[in-house]
Amino acid sequence: MQYTLILKPSLSARRKITAKKKRLEKLYGYTGSLSNKGVHITMAYLRNSRFLDVNPIITLCGKTAPFTYEMGEVGYFEKVRKGKISYIVFLNVIPSPEMYEFHEGLIKALGDNTTEVGKFIPHITLIRKNVNENNLNEIVKFCENLKIDCKFLSTYLILGKRSSEYSRWHFEHIDFHKI
């Protein structure tokens, strides 16, 4: 079973990011998800978990007040797969202290599943396919004018799960504590 725990920016921000991703796809081929629904911030991703007890996550969300974050600059990181180097170009997320605190609580709530959780680098992926060293600088420059100057309020977490039997994800919203 695979699990993903994500946050989403506002619909208007997702539309702006999706429009940029569509332009990138015209220039460089398939970029990853191109729907507004696909724009998200991954808080945790568990690739091979047999069972996830969601009760600690629900409890954490029930105790968490809505928190804010902002969008930052465009960046990239290197990915090596089967000896081949490619790059992931992303929009950096500037988390609030409350967002970091929530992430730490989430890692504790995941318990034994945290062995699969890497370093927390909050970001929104812009392009993850077909990025090589030759076109990396061009793509980063193209994305630099993607500025979204406002704070976003997160009021819920989205839990996605998918078994190896099904190709589609199933999502549920877990609301944060109402103030």
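**Group meeting talk: a walk through the model**

Let me start with the cysteines. The structure holds zero disulfides. Keep in mind that this is a predicted model. Cys-61 is buried, because its relative accessibility is 0% and the limit for buried is under 20%. Cys-143 also counts as buried, at 0% relative accessibility.

How many strands form it, and in what order? Four strands form an open sheet, and the order is 5-4-3-6. The pairing is antiparallel. Which strands stand at the edges? Strand 5, residues 123-127, and strand 6, residues 151-154, do. Each has a single partner strand, so one side of each has no neighbour in the sheet. On average, neighbouring strands of this sheet are turned by 45° against each other, direction ignored.

Take one pairing in detail. Strand 3 covers residues 67-81. Strand 3 pairs with strand 6 in the antiparallel sense, over four bridges. Look for Tyr-69 here: Phe-152 in strand 6 stands opposite Tyr-69.

Next, the helices on the sheet. Helix 3 packs on the sheet and touches strand 3 and strand 4, the latter being residues 84-95. The direction of helix 3 makes about 55° with that of strand 3. Helix 4 packs on the sheet too, touching strand 3, strand 4 and strand 5. The direction of helix 4 makes about 20° with that of strand 4.

Stay with helix 4 for a moment. Helix 4 runs over residues 133-143, and Asn-135 is found in it. Is Asn-135 buried or exposed? Asn-135 is buried, because its relative accessible area is 13%, against a limit of under 20%. Asn-135 and Tyr-87 are 48 residues apart in sequence. In space, their C-alpha atoms are 9.8 Å apart.

Go back to the loop between strand 4 and helix 3. Ser-96 is found there. Ser-96 is buried as well, with a relative accessible area of 9%. What does Ser-96 contact, leaving aside its neighbours within four places in sequence? The contacts are Phe-67 and Thr-68.

On to the core. In soluble globular proteins, nonpolar side chains tend to be buried together. In this model, the largest nonpolar core has 45 residues. Which residues have the most contacts inside this core? They are Met-43, Ile-57, Val-89 and Leu-157. Helix 3, residues 97-110, gives the largest share of this core, with five residues.

Pick out Ile-57. Set aside its neighbours within four places in sequence. Ile-57 is then in contact with Leu-5, Leu-52, Leu-106, Ala-109, Leu-110, Leu-157 and Ile-174.

Last topic: aromatic rings. The count comes to nine aromatic pairs. One of them joins Phe-77 and Phe-90, with ring centres 5.6 Å apart. The planes stand at 40°, so the pair is tilted. Why does this pair tie together separate parts of the sequence? Phe-77 lies in strand 3 and Phe-90 in strand 4, so the linked parts are 13 residues apart in sequence.

One more stop. Find Tyr-45, Trp-169 and Phe-171: ring pairs link these three into a cluster.

How values were computed: Residues numbered from 1 in each chain as written. Predicted model: local features only at pLDDT ≥ 70, side-chain atom pairs only at ≥ 80, totals over all residues. Heavy atoms only, no water. Helix = DSSP H or I, 4+ residues; strand = E, 2+ residues; numbered from the N terminus. Buried < 20%, exposed > 50% of the residue type's maximum accessible area, 1.4 Å probe, protein only. Core = buried A, V, L, I, M, F, W, Y, C linked by side-chain atoms within 4.5 Å. Contact = heavy atoms within 4.5 Å. Disulfide = S-S within 2.5 Å. Pairing = 2+ DSSP bridges. Axes fitted to C-alpha atoms, helices over the stretch in contact; angles between N-to-C directions. Phe/Tyr/Trp six-rings, centres within 6.5 Å; stacked < 30°, edge-to-face > 60°.
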